[in-house]
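Subject: Structure handover

Hello,

Here is the structure I said I would pass on. My notes on it follow.

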Amino acid sequence: MTVPITIVDAFTSVPFRGNPAAVCVLSSPRDGVWMQDVAREMSLSETAFVSPRSDGFDLRWFTPAVEVELCGHATLASAHVLWQTGTLPLNVPARFLSKSGWLEARRSGERIELDFPALSAERCEAPEGLAAALDVTPTACFRSRYDVLVELPAEHVVRNLAPDFRRLGGVKVRGVIATAPADDAKYDFVSRFFAPGAGVDEDPVTGSAHCVLGPFWGARLNKTDVLGFQASSRGGEVSVSLRGDRVALLGHAVTVMRGELVV
């Protein structure tokens, strides 16, 4: 028995940029141990597992180390695969039931629009060991549902971060979002995302982080539509539209590999 698996670069229109996700479309759900083993084998920041239900699809995401509650790029990649394979018609939204409730993806011109929860961030003291692990003193620190957001004074500080991932993995959060205003007028902000405690030292482009970054910079800039650039080595951009307690994340996707898992 074989199961199709596709690797998609998300939040980019150019192959080998953005954030790669493996998408496994199943005929029925499989157990979490098997899914975790597949994600470890894929060795990407997330592997998504999609299975049909009467009112949409179940969707689960795994890093090589753990299952996560919310993932943007692998959701975008999953919708892309469902449309590209003809599992869903192009004009039909993809509805996913996840650990974060119902999520929806729809086509918006050449891009894909994700309907995700907006996540607030409350000012906090920097967690113990964070500044030492980043080797930088934050301008301010904020905590969201999953992550800590570190505000830094300038784009070059974000780009030049070289964290001690062993020490950063000891900070008790899912991940650390580092952000600053963008130098390039095209963008409103830049960011990077580190999650060594979840098995991902640096995530190339992180949709779920933009559920925090969008409201954070939208309030700072008094804007309802913001554009961010995630300044990883691969790089990628995420457009965020603020819609009350939800955000719309927009980005491109491109398939780079198709194959089969032997089960």
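This is a predicted model: local features need pLDDT of at least 70, side-chain atom pairs count only at pLDDT 80 or more; totals for chains, interfaces and linings use all residues.

The residues of helix 1 (residues 32-42) that are buried include Trp34, Met35, Gln36, Val38 and Ala39. Just after the helix comes serine 43, which has a positive phi of about 55°.

**Strand 6 and its partners**

Strand 6 pairs with strand 4 (residues 56-62) in the parallel sense, over two bridges. Within that pairing, aspartate 58 has leucine 97 as its bridge partner.

Strand 6 also runs antiparallel to strand 7 (residues 101-108), and five bridges join the two. Strands 6 and 7 make a hairpin, with two residues between them.

For arginine 107 the ring is that of tryptophan 83, with 5.8 Å from the charged end to the ring centre.

**Nonpolar cores**

Which residues touch the most other members of the largest nonpolar core? They are Trp61, Leu70, Ala94, Phe96, Ala105, Phe116 and Leu249, in a core of 51 residues. Helix 2 (residues 73-84) gives the most to this core, namely seven residues. Leaving aside neighbours within four places in sequence, alanine 94 is in contact with Ala79, Leu82, Trp83, Leu88, Leu103, Glu104 and Ala105. Another core, of 24 residues, lies apart from the largest one; Val158, Leu168, Val173 and Ala231 are among its members. As general background, nonpolar side chains in soluble globular proteins tend to be buried together.

**Aromatic pairs**

A search of the whole structure gives eight aromatic pairs. In one of them, the rings of phenylalanine 142 and phenylalanine 216 have centres 5.1 Å apart and planes at 70°, so the pair is edge-to-face, the cut-off for that class being over 60 degrees. Phenylalanine 142 is in strand 10 (residues 140-143) and phenylalanine 216 in helix 6 (residues 207-221), so this pair ties together parts 74 residues apart in sequence. Both phenylalanine 142 and phenylalanine 216 are buried.

Another pair is phenylalanine 165 with phenylalanine 194: the ring centres are 6.0 Å apart and the planes are at 55°, so the pair counts as tilted. Phenylalanine 165 belongs to helix 5 and phenylalanine 194 to strand 13 (residues 189-195), so the parts tied together are 29 residues apart in sequence. Phenylalanine 165 counts as partly exposed, at 26% relative accessibility, whereas phenylalanine 194 is buried, with a relative accessible area of 0%.

Ring pairs also link Phe142, Phe189, Phe216 and Trp217 into a cluster.

**Glycine 169**

Glycine 169 is in the loop between helix 5 (165-168) and strand 12 (175-181). Its relative accessibility is 32%, so glycine 169 counts as partly exposed. Leaving aside neighbours within four places in sequence, glycine 169 is in contact with Pro196 and Gly197. Glycine 197 is 28 residues from glycine 169 along the chain, and their C-alpha atoms are separated by 4.3 Å.

**Serine 241**

The side chain of serine 241 makes a polar contact of 2.5 Å with that of aspartate 225. Beyond the neighbours within four places in sequence, the residues in contact with serine 241 are Thr224, Asp225, Arg246, Val247, Ala248 and Leu250.

Regards

Conventions. Residues are numbered from 1 along each chain as its sequence is written. Side-chain values use heavy atoms; hydrogens and water are left out. Helices (H or I, at least four residues) and strands (E, at least two) are DSSP runs, numbered from the N terminus. Buried means under 20% relative accessible area, exposed over 50%, partly exposed in between (1.4 Å probe, protein chains only). Contact means heavy atoms within 4.5 Å. Two strands pair if DSSP finds at least two bridges between them. A nonpolar core is a set of buried Ala, Val, Leu, Ile, Met, Phe, Trp, Tyr and Cys residues joined through side-chain atoms within 4.5 Å. Rings of Phe, Tyr and Trp (its six-membered ring) pair if their centres lie within 6.5 Å; planes under 30 degrees apart count as stacked, over 60 as edge-to-face and the rest as tilted. A charge sits over a ring if NZ of Lys or CZ of Arg is within 6 Å of the ring centre and within 35 degrees of the ring normal. A polar contact is a pair of N or O atoms within 3.5 Å; within protein, one must be able to donate a hydrogen and the other to accept it, and residues adjacent in sequence count only if both atoms are side-chain atoms.
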